[in-house]
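Here is a walk through one protein model, written for someone who would rather look at residues than read tables. Keep the viewer open as you go.

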Amino acid sequence: FACYSTSKRNSKVYECAIDAVQDVKDGSTILFGGFGICGIPEKMIDALKEKGVKNITAVSNNGGVDKTGLGVLIGQKQVKKIIASYVGENNELVRQYLGGEMAVELTPQGTLAEKIRAGGAGIPAFYTPTGYATLVQEGGAPVKYDKEGCIEIPSQKKEVKKFKGREYVMEESIFADFAFVKAQKADCLGNLVFNKAARNFNAPMCRAAKVTVVEVEELVPIGELDPDQIHVPGIYVHRIFLGEKYNKRVERLRITEPKDSSKPAKPPSDAQKLRERIARRVALEFRDGMYVNLGIGIPVLSSNYIPKGMSVMLQSENGILGLGPFPTKENVDPDLINAGKESVTVVPGASYFGSDDSFAMIRGGHVDITILGAMEVSGTGDLANWMIPGKLVKGMGGAMDLVAAPGTKVVITMEHNTRDGKPKILESCTLPLTGKGVVDMIISEKAVFKVEKGVGMTLVEVAEGFTVDDIKASTGAKFKVSDNVKPMAQISD
């Protein structure tokens, strides 16, 4: 159909993806919207592949997966550098990075969102508490390896300034050559509407590029969108085209199976029992009216044990407040996922927003409690959970932002020891830090510790089947023993 402004045809509307990206040159810096493979500009990614653009600097929350999302361009070796918070499950990206074929600048997710938001607002730099006393601030993180696996390009040290007695890290903003964005609906002026959690990084990225190109599932005439429902106004959008035949899928499909009362429940494995013990203890930290952020794994499991009648709103970094349970098979929505890229539902009273707003909630201390997993924790509350240099490369995701938030209680859930019996609670972390002196409580299958940040920890609960001496023998850090050590509590069904 024809799109008209007040006097002439609107020139923002393009025929197709190839037409819309025709002037993208080798070496361009491009913002790619999406979170995981939710809300990705897949038609423009395919067009870049067809066009053969090379040496791209890609800015994205993550690198997609093999052969999907940014994985398409990475697989063709069209990306020379990626700025992201998480590389996750893209095995080819990890291979190229560790093999010295690609540069990877890992950036905390909230910092990345704010770098983009600030760039679009004309702010060249800002200060954040996120990443202080970690490789992000101190420098030395491997941005690029050489062919022998040695660090060829390390990250640079960043300026620190103290405000009201606390250290903050200076971060420079990002303003790119192009922003490639996926929206649900647009009019011919470029006013945009996103669908559910597919808003994520798409919304802030619209504002932070010389040229913003948007692919949409529905293009409507001017005046059809309610002005009060528009998520991004058209002033930020330069080109639009209507995409077709989208291959929308869920990266981690999780569904709620209907219960069959005629079949006996499968008995839990020892590993499941261990996880449930920790999750049931975590649930005792919830209070009515809390806003809570849950990490992947055991933290998410704890939401199954929120007491009936208690109102706890679960926040997800990708732009949801009010997470619900996994959907039934017929209710799966690819535009509705959590921060672990799992299919989810929402509860009554839920809301959706962009990644920049999500981390404003987190960084501003509006989340009451965050629960995360860990590779290592120190006796003074240091946390390491994002990489093993030269081996395991996942990225910090939103963890650095979550643990740096003022006034937010940080609870760590973890198995007490590694598979070969070595302690994971140490005097000092041996892996790169996620945060220094940030942990308030540690809950393992063996014990519960309260941590005085920067000082030390106290054993307050011991699980059934263990003694205080057992905890001492399996813990690599010194700790005090409470005068009133209790059996490890478990929330009742």
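What follows is a short tour of selected parts of this predicted model.

Start with an open sheet of 3 strands, arranged in the order 5-9-8 with antiparallel pairing. Strand 5 (125–128) and strand 8 (160–163) sit at the edges with a single partner strand each, so one side of each has no neighbour in the sheet. On average, neighbouring strands here are turned by 40 degrees against each other, direction ignored.

Look at the pairing of strand 5 with strand 9 (residues 166–172): the two are antiparallel and share 4 bridges. Within that pairing, Thr128 has Val169 of strand 9 as its bridge partner. Helix 5 (residues 109–120) packs on this sheet, where it touches strand 5 and strand 9. The direction of helix 5 makes about 150 degrees with that of strand 5.

## The second largest pocket

Strand 9 turns up again in the second largest pocket, as one of the elements that each supply at least two residues of the lining. Others on that list are strand 3 (79–84), strand 4 (103–106), helix 6 (135–138), strand 6 (142–145) and strand 7 (151–154). The volume of this pocket comes to about 510 Å³.

## Trp386, a buried loop residue

Trp386 is in the loop between strand 20 (383–384) and strand 21 (387–388). Is Trp386 buried or exposed? Its relative accessibility is 2%, so Trp386 counts as buried.

Setting aside its neighbours within four places in sequence, the contacts of Trp386 include Leu106, Leu135, Met375 and Lys394. Gly395, Met396 and Met400 are also among them, as are Pro432, Leu433 and Thr434. Ala374 is 12 residues away from Trp386 along the chain, and the C-alpha atoms of the two are 8.3 Å apart.

How many of the 5 residues of strand 15 (residues 312–316) are buried? The count is 5 of 5. In a regular strand, side chains alternate between the two faces of the sheet. Strand 15 is covered on both: Val312, Leu314 and Ser316 are buried on one side, and Met313 and Gln315 are buried on the other.

Strand 15 runs parallel to strand 14 (residues 290–294), joined by 4 bridges, with Asn293 opposite Gln315. Strand 15 also pairs with strand 16, this time in the antiparallel sense over 2 bridges. Here Ser316 has Ile320 as its bridge partner. The hairpin of these two strands has 3 residues between them, and Gly319 takes a positive phi near 115 degrees.

## Strand 27 and its partners

Strand 27 (residues 456–462) is mostly covered, with 5 of its 7 residues buried. Strand 26 (residues 447–452) runs antiparallel to strand 27 and is joined to it by 6 bridges; Ala447 stands opposite Val462. These two strands form a hairpin with 3 residues between them, and Gly454 in the turn has a positive phi of about 80 degrees.

Strand 27 is also joined to strand 28 (residues 480–487), by 4 bridges and in parallel. In that pairing, Glu461 has Lys486 as its bridge partner.

## Two lysines with positive phi

Most residues other than glycine have a negative phi. Lys245 has a positive one, near 55 degrees, and Lys341 has a positive one near 65 degrees.

Lys245 belongs to the loop between strand 13 (239–242) and helix 8 (270–282). Lys341 belongs to the loop between strand 16 (320–323) and strand 17 (346–352). Which relative accessible area goes with Lys245, and which with Lys341? Lys245 has 78% and is exposed, whereas Lys341 has 6% and is buried.

## Helix 2

Finally, take helix 2 (residues 42–51), where Glu42, Lys43, Met44, Ile45, Ala47 and Leu48 are buried. Gly52 follows helix 2 and has a positive phi, near 80 degrees.

Note on methods
Residues are numbered from 1 along each chain as its sequence is written. This is a predicted model: local features need pLDDT of at least 70, side-chain atom pairs count only at pLDDT 80 or more; totals for chains, interfaces and linings use all residues. Side-chain values use heavy atoms; hydrogens and water are left out. Two strands pair if DSSP finds at least two bridges between them. Axes are lines fitted to C-alpha atoms, for helices over the stretch in contact, and angles run from 0 to 180 degrees between N-to-C directions. Contact means heavy atoms within 4.5 Å. Buried means under 20% relative accessible area, exposed over 50%, partly exposed in between (1.4 Å probe, protein chains only). On a 1 Å grid over the protein atoms alone, a cavity is a set of points where a 1.4 Å probe fits but cannot get out, and a pocket is an open set with protein on both sides within 12 Å along at least five of seven lines; lining residues have an atom within 4 Å of a point. Grid points are joined across faces, edges and corners, and a volume is the space filled by probe spheres set on the points.
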